[in-house]
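Good morning, everyone, and thank you for making time for this. Please have a look at the model on the screen while I talk you through a few of its features.

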Amino acid sequence: MSYPQFGHVLYDDPLPENTEAVVPEWTLVGKEVKIDITDHDHNNRRSKEGGQFAVEARSSRGDVIPSTIQDNKDGSYSASLVANETGEVKLSITIKGKLIKGSPYNILVHQYSALNIPGKVVND
């Protein structure tokens with residue numbers, strides 16, 4: 001559909017406020033963090049057209065952490081990163097330059113030896 005004053009309007013364009021990501025709250029140093037992103041259009045249906053996503057991860061010191069994003073061609077995306085130091089990672093996910101719902105996210109990065117996992121020690 002085209003309106004001269006607005007240009008071409010796509011009804012299945014993904015919207016930042018309807019796009020969500022599943023982001024872990026914590027990870028371990030050197031472990032790959034996997035992020036699942038699902039975009040939806042103005043009717044909250046999964047988008048058919050690919051969005052213009054960007055993922056930026058920064059360490060506690062502000063250093064950029066390399067990340068990747070892959071279009072799964074079904075209205076979903078897979079992103080990943082690996083933090084190589086302890087602290088907090090600030091993860092920003094944008095579509096067309098606007099933050100998606102819930103972004104930026106904070107991911108705590110622990111050393112394996114410093115992680116306390118509640119439970120009972122069982123000797124076999």
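Let me begin with a term: a nonpolar core is a set of buried Ala, Val, Leu, Ile, Met, Phe, Trp, Tyr and Cys residues that are joined through side-chain atoms within 4.5 Å. Please keep in mind, too, that what you see is a predicted model.

The largest nonpolar core here has 21 residues, and those that touch the most other members are A21, I35, I37, L91 and I93. At least two residues of this core come from each of the strands β5 (32–38), β6 (53–58), β9 (76–82), β10 (87–95) and β12 (105–110), and the largest share, 4 residues, is supplied by β10. As general background, nonpolar side chains in soluble globular proteins tend to be buried together.

If we stay with A21 for a moment, which residues does it touch, leaving aside those up to four places away in sequence? They are I35, D36, I37, I93, I100 and Y105.

Now to the backbone, where S103 and P104 are joined by a cis peptide bond with an omega of about 5°, and where P104 itself lies in the loop between β11 (98–99) and β12.

K73, whose phi is near 65°, sits in the loop between β8 (67–71) and β9, and K73 is exposed, with a relative accessible area of 70%. K96, with a phi of about 55°, is found in the loop between β10 and β11, and K96 is partly exposed, at a relative accessible area of 43%.

Notes. Residues numbered from 1 in each chain as written. Predicted model: local features only at pLDDT ≥ 70, side-chain atom pairs only at ≥ 80, totals over all residues. Heavy atoms only, no water. Buried < 20%, exposed > 50% of the residue type's maximum accessible area, 1.4 Å probe, protein only. Contact = heavy atoms within 4.5 Å.
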